[in-house]
Number of protein chains: 2
Amino acid sequence: MDLFFSPLACSLASRISSYEAGIHLNFIEVDPVTKRTRDGRNYLEFSPLGLVPALRLDDGFLLTGNAAILEYFAASSLRANLAPLSTPDLAKLHQWLFIVGTELHKVMFVPLFDKKIPEGTQTHARDFVFASLDFLDAQLTGRQFLLDRFTTADAYLCSILNWAAPTRIDLSPWPSLKAYHERLLERPSVSKAMAEEEALYEAEVMRYRAA
Amino acid sequence: MDLFFSPLACSLASRISSYEAGIHLNFIEVDPVTKRTRDGRNYLEFSPLGLVPALRLDDGFLLTGNAAILEYFAASSLRANLAPLSTPDLAKLHQWLFIVGTELHKVMFVPLFDKKIPEGTQTHARDFVFASLDFLDAQLTGRQFLLDRFTTADAYLCSILNWAAPTRIDLSPWPSLKAYHERLLERPSVSKAMAEEEALYEAEVMRYRAA
């Protein structure tokens with residue numbers, strides 16, 4: 001299956017989850033600025049929102065949306081135990097995927113990364129969502145993972161917490177969250193995915209500089 | 001089960017889905033400004049993000065996040081057929097729930113409703129997400145629902161499209177989306193839920209005026 005991604009974007013969570021599940025993917029890099037794939041195609045022509053990750057399913061459907069892809073990996077590879085099976089526990093996983101995807105990823109970090117956004121909006125975004133960091137920190141106090149074991153929600157949250165440093169958000173006021181992030185970075189699937197995508201990210205930066 | 005909601009908020013999708021599924025809920029109204037329940041409790045004390053909907057599960061866990069609650073209803077009441085059963089089709093439902101929840105709800109409408117947001121941000125939000133409306137319009141052209149029948153994603157999208165009028169977004173440039181919204185408003189579960197929440201919303205406005 002083809003997985004469209006950009007280095008160190010939220011698609012990192014799909015890479016981590018695929019390594020956890022032992023799912024083989026054909027990774028296709030998308031330039032986040034030009035929206036062209038590394039093999040020269042215009043990504044917007046077949047993925048009109050331009051979002052990564054996107055996964056080409058066997059029936060040809062291009063599945064968009066990080067949480068949807070993470071759920072798909074978990075459901076396709078039950079042995080990997082990346083999601084709970086019971087309805088209430090699965091609902092709790094969906095909660096964390098949704099909160100990370102909405103409150104953290106979209107409400108907090110999208111404005112922080114957006115260079116064209118009007119002045120003042122970024123400060124507003126920070127104020128607005130520190131409550132989400134409090135909430136996650138409380139959940140992670142005394143726990144190793146968001147649920148009782150590693151799930152796709154941890155892959156997603158870890159990938160998003162990577163953006164704290166480049167947006168100058170110091171996680172020290174949320175010590176459980178900070179320690180959780182540091183622990184996850186040591187996890188084999190995560191450190192492998194990070195090393196690969198960091199190298200690709202550096203290559204991307206070099207290409208921009210050369211252009 | 002207790003369902004915390006605010007009139008005409010995105011929690012409307014939970015009400016619609018519960019009617020579709022025949023799930024009996026105890027609806028508890030939360031004032032979106034004071035964050036107090038109508039029975040006088042401070043909602044933030046037990047729901048720190050203050051978001052609606054939230055569903056109290058049988059084990060006491062307060063489930064937050066619209067998509068998580070919608071998935072829970074679908075999984076708890078399979079007879080109602082509110083979600084597909086196959087893994088790839090369920091992934092497509094998750095895609096729509098996630099795109100409606102992120103691109104439309106959080107990226108587009110949260111800034112449009114936020115009276116404290118810096119000037120210019122709202123225009124920026126509009127420009128940024130008209131692509132999402134294009135995408136949804138294309139999906140709905142020649143179709144009655146986002147998938148091949150009514151699902152929780154339609155309940156969510158319908159509830160969010162209700163916000164176009166109060167934020168002065170004219171849906172005419174997206175005719176399939178506009179017609180879809182109008183059709184859904186005629187659906188019995190939707191019209192019942194809308195009539196009930198419109199009355200509660202008017203009562204809320206009257207309370208603000210009296211205060």
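Helix 1 of chain A and helix 8 of chain A are oblique to each other, in what is a predicted model. The axes of helix 1 (residues 12–21) and helix 8 (residues 188–210) of chain A come within 9 Å and cross at roughly 140 degrees, and the crossing by which helix 1 of chain A passes helix 8 of chain A is right-handed. Salt bridges are the second topic of this briefing, and over all chains their count comes to 20.

**Contact of helix 1 with helix 8 in chain A**

- On the side of helix 1 of chain A, the contact is made by Leu12(A), Arg15(A), Ile16(A), Tyr19(A) and Glu20(A).
- Helix 8 of chain A contributes Ser189(A), Val190(A), Lys192(A), Ala193(A), Met194(A), Glu196(A), Glu197(A) and Leu200(A) to this contact.

- Arg15(A) and Glu197(A) form a salt bridge in which the closest N and O atoms are 2.6 Å apart.
- Because Arg15(A) lies in helix 1 of chain A and Glu197(A) in helix 8 of chain A, this pair ties together parts that are 182 residues apart in sequence.
- Both partners fall under the 20% limit for burial: Arg15(A) is buried with a relative accessible area of 5%, and Glu197(A) is buried with a relative accessible area of 0%.

- In chain B, Glu196(B) forms a salt bridge with Arg15(B), with 3.2 Å between the closest N and O atoms.
- This pair links distant parts of the chain, since Glu196(B) sits in helix 8 (residues 188–210) of chain B and Arg15(B) in helix 1 (residues 12–21) of chain B, 181 residues apart.
- Glu196(B) is partly exposed, with a relative accessible area of 27%, whereas Arg15(B) is buried, with a relative accessible area of 5%.

- The side chains of Lys92(A) and Asp89(A) meet in a salt bridge at 3.6 Å, N to O.
- Lys92(A) and Asp89(A) are three residues apart in helix 4 (residues 87–113) of chain A, so about one helical turn separates them.
- Lys92(A) is buried, with a relative accessible area of 11%, while Asp89(A), at 35% relative accessibility, counts as partly exposed.

Key:
Residues are numbered from 1 along each chain as its sequence is written. Chains are lettered from A and ligands numbered from 1 in the order in which they are written. This is a predicted model: local features need pLDDT of at least 70, side-chain atom pairs count only at pLDDT 80 or more; totals for chains, interfaces and linings use all residues. Side-chain values use heavy atoms; hydrogens and water are left out. Axes are lines fitted to C-alpha atoms, for helices over the stretch in contact, and angles run from 0 to 180 degrees between N-to-C directions. Helices (H or I, at least four residues) and strands (E, at least two) are DSSP runs, numbered from the N terminus. Angles under 35 degrees count as roughly parallel, over 145 as roughly antiparallel, 65 to 115 as roughly perpendicular and the rest as oblique. A crossing is left-handed if the near helix is turned anticlockwise from the far one by less than a right angle, and right-handed if clockwise. Contact means heavy atoms within 4.5 Å. A salt bridge is a side-chain nitrogen of Lys or Arg within 4 Å of a carboxyl oxygen of Asp or Glu. Buried means under 20% relative accessible area, exposed over 50%, partly exposed in between (1.4 Å probe, protein chains only).
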